[in-house]
Amino acid sequence: MLQTVLVSSPGSWALQDSDCHHEGQKRSWKCRFIRTIIQHPCRRHAPKRSRKARMLRKIQICLCFCFVSGLLYEISLLSGCVFSYLPMAQQYLTPEQVLNLGKSIIFLETTERLEPPPLVSCSVESAARIYQDRPVILFMRGLTNETALDLNSSYAAFSLLSSMKNVFIFPLQMETVFQETPLLQWYNEVVPEQEKNWVHVSSDASRLALIWKYGGIYMDTDVISIRPIPQESFLAAQKSRFSSNGIFGFPARHKFIWDCMEDFVLKYNGNIWGNQGPFLMTRMLKTLCNLTDFQGTEDHSCQNISFLNPQRFYPIPYPAWSRYYQVWDKSPSFNHSYALHLWNFMNHNRKVVVAGSNTLAEKLYKTYCPSTYEDLIQNARHRESPGSEDAA
């Protein structure tokens, strides 16, 4: 007797009975794990039957074959629409279980803060909306397994993000992340308290290890996604002949990322900002490619790695970063961009999106992270309402 049964338990997916659409048609199977019991398998040797009985038997065999074929087809489609439904036991999934689903979008928070600011929330939300069929993961250094159990009730941003069906928030456990990579020995020997750029250096290392182990796309938490990135193996040019490490993507176990991790350890210098980040990516790319200036909006490619035009992510270069927080006579279309890097590292004046300011950043929030923007508006109203200070 053949049985294919889903048992809902911690660590497993449980999908709601919502209709799933595939190529515009509703499927009655509702894209869930199907419970089937075929109780009468076809026997090899059957006794003689009447012609009518034999005909009925043949029909049963045909229906059996069609049913099994349909079952296999439905299962093959499941991975494409699994994130169209809310995981019921989301909090029980481990990072490995989610990462092993493949093609994750990965964000890192290597400070100890537990309340993601609006720009972080917008970055994660925009990615979740653009990549609805892929897991979007925010790893947080300050999070522990204990605090993870009480996210929704403690922090508004957590409640907003965790309500999105394909967003996952996990503790960043670096020693686990660096296992089976060249970075583990470095991590065991380095003294974080003596590193002046530890927040950045530890982030540079973690993103390399996670992408090498599991594949996917890494994005900084000040990157707003506006359309899907079509390439699988890519680096983002910050300018001609210079790569950033704020956005990149590779399949799991890619040799380029392994070589980057080895170079990270071999040429480690934590006193130079970016030496393990964009400078590392650039010098490793130069060992493979003869980098030239970009012409127009073309991309470059060598060794099966796409080196994407600065227009893809950096249409506003870092010297002009504050233009995101200015009012434009006519907002740019960003037709050649996949995402926008808002240069938060340069934002020493701590410019923020203000509701009603009509800045470019506000318009981006409205379009690509509307839930974050609505939360921002509600917080502004709460601060402005009479008696709010007394209530606080």
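In this predicted model, Met219 stands opposite Ile247 of strand S11. The strands concerned are S8 (residues 216–219) and S11 (residues 242–250), which pair in the antiparallel sense over 4 bridges.

Both strands belong to an open sheet of 8 strands, ordered S7-S6-S5-S8-S11-S10-S13-S12 and with mixed pairing. The edges are formed by S7 (167–171) and S12 (300–302); each has a single partner strand, so one side of each lacks a neighbour in the sheet. From one strand to the next, the twist averages 25°.

Helix H10 packs on this sheet and touches S10 (234–239), S11, S12 and S13 (305–308). The direction of H10 makes about 85° with that of S11.

H10 (residues 278–288) also packs with helix H9 (residues 255–266), at an angle of about 125° and with the axes 10 Å apart. The two helices are therefore oblique to each other. The crossing in which H9 passes H10 is right-handed. The residues that make this contact are tabulated below by helix.

| Helix | Residues in the H9–H10 contact |
|---|---|
| H9 | Phe256, Asp259, Cys260, Asp263, Phe264 |
| H10 | Leu280, Met281, Arg283, Met284, Leu285, Leu288 |

Classified by residue type, the contact of H9 with H10 comprises 8 nonpolar and 3 charged residues, with no polar ones.

Notes. Residues are numbered from 1 along each chain as its sequence is written. This is a predicted model: local features need pLDDT of at least 70, side-chain atom pairs count only at pLDDT 80 or more; totals for chains, interfaces and linings use all residues. Side-chain values use heavy atoms; hydrogens and water are left out. Axes are lines fitted to C-alpha atoms, for helices over the stretch in contact, and angles run from 0 to 180 degrees between N-to-C directions. Angles under 35 degrees count as roughly parallel, over 145 as roughly antiparallel, 65 to 115 as roughly perpendicular and the rest as oblique. A crossing is left-handed if the near helix is turned anticlockwise from the far one by less than a right angle, and right-handed if clockwise. Contact means heavy atoms within 4.5 Å. Ala, Val, Leu, Ile, Met, Phe, Trp, Tyr, Cys and Pro count as nonpolar, Asp, Glu, Lys and Arg as charged, and the others, Gly among them, as polar. Two strands pair if DSSP finds at least two bridges between them.
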